[in-house]
Amino acid sequence: MILHLLVVALVADSAVSLDTTKTLTSQLHEFQLNNSAGVMSALDMMPKECSKNGKKYKPDESFEIGNLRYKCQNYGVYTIEGCKRKDGTEMKLGESVVVDNVKHQCLGMGSSVFYKETTCGVMGQPECDKIPLPKGFEEAMKKNGGKTETQGKTSVDGVNLPKGWSLVDGGKKQITGTNASVVTHILMFNPTQTRVRRDGFKGSGVGSVIGVESMSADQIGKPLSSKGVSSSSSSSSSSSASSSHSPPSSSKIIGTQTVGATLQTIKKGDKHDSDLVDLNQRNDHRMEGSENMKAGSVHGSKSNVDWKGRKVIVNGKTVAKHFKLLVVGGGAGGLGAASKFARKLPRGSVAIVEPREDHYYQPGFTLVGGGLMTLESNRRKQETLIPKGATWIRDKVQLFTPTQNLVKLRGGEEISYDYMVIAMGIQLRFDMIKGAKEALETPGVCSNYSPFYVEKHYREAMNFKGGNAVFTFPNTPIKCAGAPQKACYITDSILRQRGVRDKAHLIYATSLKRLFGIESYLKSLENVAREKGIDVRTRRNLIEVDSNNKMATFEFLDEDSKPTGNTEKVEYSLLHIGPPCSAPEALRTSQFADKTGFMDVDGSSLRSKRFPNVFGVGDCMNTPNAKTAAAVSSHLKTIETNLSQVMQGKQPCMEYDGYASCPLVVSTNRVILAEFNSKGAMETTPFDQSKPTYWAYLMKRYFMPMLYWNGLIKGFWNGPATIRNCSRMIRSK
Ligand code: FAD
């Protein structure tokens, strides 16, 4: 920024001077103009205050506009003192710092100052020391040719000009039709801008110049545009001369001009240099080869942000907290995914949104309900499980706005992301059974699915005196579909151990048409149920619990699992509810959901069908696998590869194999270690896992919890595929 003042001096008594000597004309003129009194009187005619963007500032007054810091000098000119970072920290001209993976450059060249923020040193972005200079800055340097600004006289007749002001000879011009000539002088203010160090500015990269104060450097040294004088005049042009065709009478200021653009804050829709691109201006683009992609889905990281998740400010407006990877849900899948990527990405790049303070190892609930483990041993504080370098946001996602890569939390805060993993699990919907919520608070009613009612199962089994013990399976998707019958078998064992089995009528009432969906294990389970004398009732869905009369009402279902209209009432002494489930509300009402409410993903890559920067993990997806923690291990393996590839701008190539597992606890010391996908068994060991065994029980009781806490949620356990391949070789021999 520079204020230009041109003083065009005309001969005080032209006739005399012009007549005196032609050759000396310019000298004469120059002499007259260089008279310090003439220059000082010219300065006196200058404005006393600075004016910028419609506001006035007094000499020595500092002010800030956008990212630039200004100071008003004498005679209406202001200087740019430096820049100001988003967090309020001041920067000097020529300074370049990296703070939390954002490089801030405050560069001055010629009459332009550039402030630039560039994300660097994170995956998909250049190294911080390879961030290039802003393009405009380099151009300004070229124009300057590496020279310092135009030098002029800083004193006239031994009298010093005010600091920053100098007098420059602008050249001589013949006045047409006369033998006189006019000498143009420029009284100019030239705040010397420090040349920046070039060290560390090399290589290619991306960035966003978000504040530029600029005036054309090439205007320095040219005549002013002023009232009545064309701004396109140059020192050798005739415009200033033509305005002085009348005989010059005295040195005078014919005009002043403030040269310099107002602060350029880049707004959405502005057309500007490709380097001057800000967060709002970036072109989101589709990724190749994916279907159903929505415009607005982004590829790659393009944010000028603080990766620690502090504010993202675009054009002075706080948009949101921002993370490279946002993981929604801190259960088995969410922690596993966050752990994997927290190790890959720089500190602070990953955040987990999870409202719960306690994290439970849910597969342990079956054993808790059977008195074989304590609930406490299956619980950890969430804060102790958050991977190093990741941020825990203890809140709940209330609204997804995937077209803007934004989520809104229950607390009102907005978080933006480059990539997201949705791992919200499945929501227990006791509310879908009339009276169930109230009944859970009454004697006899329990559920292994909830940490609040799981211990009650064991208490009820131990207190059972006789009557119907009813175990239900809902008419919705459910996590660990084997869990309701596990509860039934364990209760049978407890009642036998207590010697009261003969007083009990155990009913397993399921919405399904058979005990278990996977053929390989069906026979074994039917044998177990028969041997235990369990009354298996299919196509029955629990719709109401009347806890006052201890009565459970079931509706009958047809072949398509639709209610037939007929119902059955069953009196209970013990009722174990396998709750209906749905996708969590925020998900099922979002653009990620299919018509069932679950996350609509490509079943192979686990990528959202509509938003290619978003992946799913775990129970919340619409994949056909059984919803188990075992399946999560394979999901994690899949997205680790696929999301990493997408982050690098590549196509996902890993395919989820559909693996799931359900260790079916058939007594207090026997387990059928079911492992399968929708096509059939996928057993890991060389043994027949469809048989109830003690070793499988030991795996379930001791090995699997260890694997969960130390492997799965830490992102180290990718499922048993490799072991399975080895054991297949043993089997085949
Ligand atoms: P979860 O682990 O349930 O985590 C989901 C997380 O998302 C939760 O912490 C929740 O608070 C959070 N969340 C929800 N909504 C929001 C929101 N709006 N914003 C932010 N966060 C949100 N699996 C097996 O492999 N073997 C077994 O033997 C087995 N037995 C089981 C027995 C029982 C009784 C139960 C209940 C489950 C069992 N499972 C078993 C299933 C296993 O626990 C789940 O499949 C697994 O936990 C799924 O992981 P997830 O990350 O998808 O969901």
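Trainee: Before we look at the strands, when do two of them count as paired here?
Mentor: Two strands pair if DSSP finds at least two bridges between them, and please keep in mind throughout that this model is predicted.

Trainee: Which residue in E24 does Phe400 stand opposite?
Mentor: Phe400 has Val407 of E24 opposite.

Trainee: And what sits between the strands of that hairpin?
Mentor: Four residues lie between E23 and E24 in the hairpin, where Asn405 takes a positive phi near 55°.

Trainee: Switching to the ligand, which residues come nearest?
Mentor: The ligand has 33 residues around it, of which Gly333, Glu354, Asp619, Ala629 and Ala630 come nearest.

Trainee: What does Glu354 do with its side chain there?
Mentor: A polar atom of the Glu354 side chain lies 2.6 Å from a ligand oxygen atom, while from the backbone an N or O atom of Ala630 lies 2.8 Å from an oxygen atom of the ligand, and a backbone N or O atom of Thr628 lies 3.4 Å from one.

Trainee: How much of the ligand does the protein bury?
Mentor: The ligand taken alone exposes 980 Å², and the protein buries 95% of that.

Trainee: Which elements give two or more residues to the shell?
Mentor: Those elements are helices H6 (332-344), H7 (365-369) and H13 (629-647), together with strand E37 (660-665), and the largest share, three residues, comes from H13.

Trainee: What about nonpolar, polar and charged residues in that shell?
Mentor: The shell around the ligand holds 15 nonpolar, ten polar and eight charged residues.

Key:
Residues numbered from 1 in each chain as written. Predicted model: local features only at pLDDT ≥ 70, side-chain atom pairs only at ≥ 80, totals over all residues. Heavy atoms only, no water. Near = heavy atom within 4 Å. Polar contact = N/O pair within 3.5 Å; in protein donor to acceptor, adjacent residues only side chain to side chain. Areas by Shrake-Rupley, 256 points an atom, 1.4 Å probe, with all protein chains shown as cover. Nonpolar A, V, L, I, M, F, W, Y, C, P; charged D, E, K, R; others polar.
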